[in-house]
Amino acid sequence: MSEIAKLPKGTLWRHNQAGDLPGMGDAIDREAMAGLVRANRGKRGYTYTHKPMNADNAAAVVDAIGQGFAVNLSANDLAHADELAALNIAPVVVVLPADATRATVTPQGRKVAICPATISDNVTCATCGLCAIANRKAIIGFPAHGASKRKASAVAMAS
Ligand code: SF4
């Protein structure tokens with residue numbers, strides 16, 4: 001946590017390359033989350049969560065976003081992305097079929113952009129930064145396989 005706090009102002013950084021928000025099982029550990037949010041002050045941290053958005057978790061996410069830490073809700077498919085987007089509390093990302101290379105829409109018509117780092121060698125998280133934009137309307141789609149290696153290297157370059 002102290003390493004995050006020491007990052008220069010405005011730094012784009014990703015929490016937890018693999019894994020989820022702090023907390024056992026489905027719960028978000030509010031105390032640990034508060035520490036992350038504090039460490040992120042003045043920076044552009046972002047993360048992803050698969051935790052269910054029950055009232056407690058949603059409150060933790062809303063609070064984190066309100067303090068500048070972008071928590072993306074991770075959907076398993078496009079219908080799930082609609083469900084999460086309808087909560088209107090946080091930006092949404094979604095896993096797409098492995099061969100997806102083009103933007104698409106959800107069953108309810110929401111736009112889904114492809115993570116540019118998964119389709120171009122010239123884009124990294126450092127140059128993109130979409131996941132750190134908490135008030136983003138577009139859902140970001142990640143092709144399920146094959147792209148993960150490139151995505152991981154893109155993320156590594158952002159840190
Ligand atoms: S390159 Fe992909 S993972 Fe990185 S910030 Fe942009 S959309 Fe998110």
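Modeller: The account below begins with the chain as a whole, turns to the sheet strand by strand, and ends with the spaces and loops around it.

This is a predicted model, in which local features need pLDDT of at least 70 and side-chain atom pairs count only at pLDDT 80 or more, while totals for chains, interfaces and linings use all residues. Residues are numbered from 1 along each chain as its sequence is written, and side-chain values use heavy atoms, with hydrogens and water left out.

The protein chain contains six helices and seven strands; these are DSSP runs numbered from the N terminus, with helices (H or I) of at least four residues and strands (E) of at least two. Read from the N terminus, the order of elements is α-β-α-β-α-β-α-β-β-β-α-β-α. The radius of gyration of the protein chain is 15 Å, close to the 15 Å that the globule rule gives for 159 residues, so the chain is as compact as a globular protein of that length. That radius is taken over C-alpha atoms, and the globule rule is 2.2 Å times the number of residues to the power 0.38. Along its principal axes, the C-alpha trace spans about 40 × 35 × 25 Å. Of the contacts in the chain with a separation of 6 or more, 69% are accounted for by residues 24 or more positions apart, a contact being heavy atoms within 4.5 Å.

The seven strands form an open sheet with mixed pairing, in the order E1-E2-E3-E4-E7-E6-E5. Two strands are said to pair if DSSP finds at least two bridges between them. At the edges stand strand E1 (12–14) and strand E5 (104–105), each of which pairs on one side only.

Three bridges join E1 to E2 in the parallel sense, and tryptophan 13 stands opposite glycine 45 in E2. Strand E2 (residues 44–49) is in turn parallel to E3, with four bridges between them; here tyrosine 48 has asparagine 72 of E3 as its bridge partner. Five of the six residues of E2 are buried, so that strand is mostly covered. In these terms, buried means under 20% relative accessible area, exposed over 50%, and partly exposed in between, with a 1.4 Å probe and protein chains only.

How many residues of strand E3 (residues 70–75) are buried? Six of the six are, so E3 is largely enclosed by the rest of the structure. In a regular strand the side chains alternate between the two faces of the sheet. In E3, Ala70, Asn72 and Ser74 point one way, while Val71, Leu73 and Ala75 point the other way, and all are buried. Across the protein chain, buried residues make up 43% of the 159 residues.

Valine 105 stands opposite lysine 111 in E6.

On a 1 Å grid over the protein atoms alone, a cavity is a set of points where a 1.4 Å probe fits but cannot get out, and a pocket is an open set with protein on both sides within 12 Å along at least five of seven lines; lining residues have an atom within 4 Å of a point. Grid points are joined across faces, edges and corners, and a volume is the space filled by probe spheres set on the points. One cavity of 30 Å³ or more is counted, and the largest cavity holds about 110 Å³. Among its 15 lining residues, the closest to the centre are Cys115, Cys125, Cys128, Leu130 and Cys131. E2, helix H5 (125–128) and strand E7 (139–143) each supply at least two residues of this lining.

The second largest pocket has a volume of about 260 Å³. Of the 14 residues that line it, Ala85, Asn88, Ala90, Arg136 and Lys137 are the closest to its centre. Asparagine 88 belongs to the loop between helix H4 (78–86) and strand E4 (92–96), is exposed at 66% relative accessibility, and has a phi near 60°, a positive value in a residue other than glycine.

Another loop, between helix H1 (2–6) and E1, holds proline 8, which is exposed at 55% relative accessibility. Its C-alpha atom is separated by 8.3 Å from that of glycine 42, 34 residues apart along the chain.
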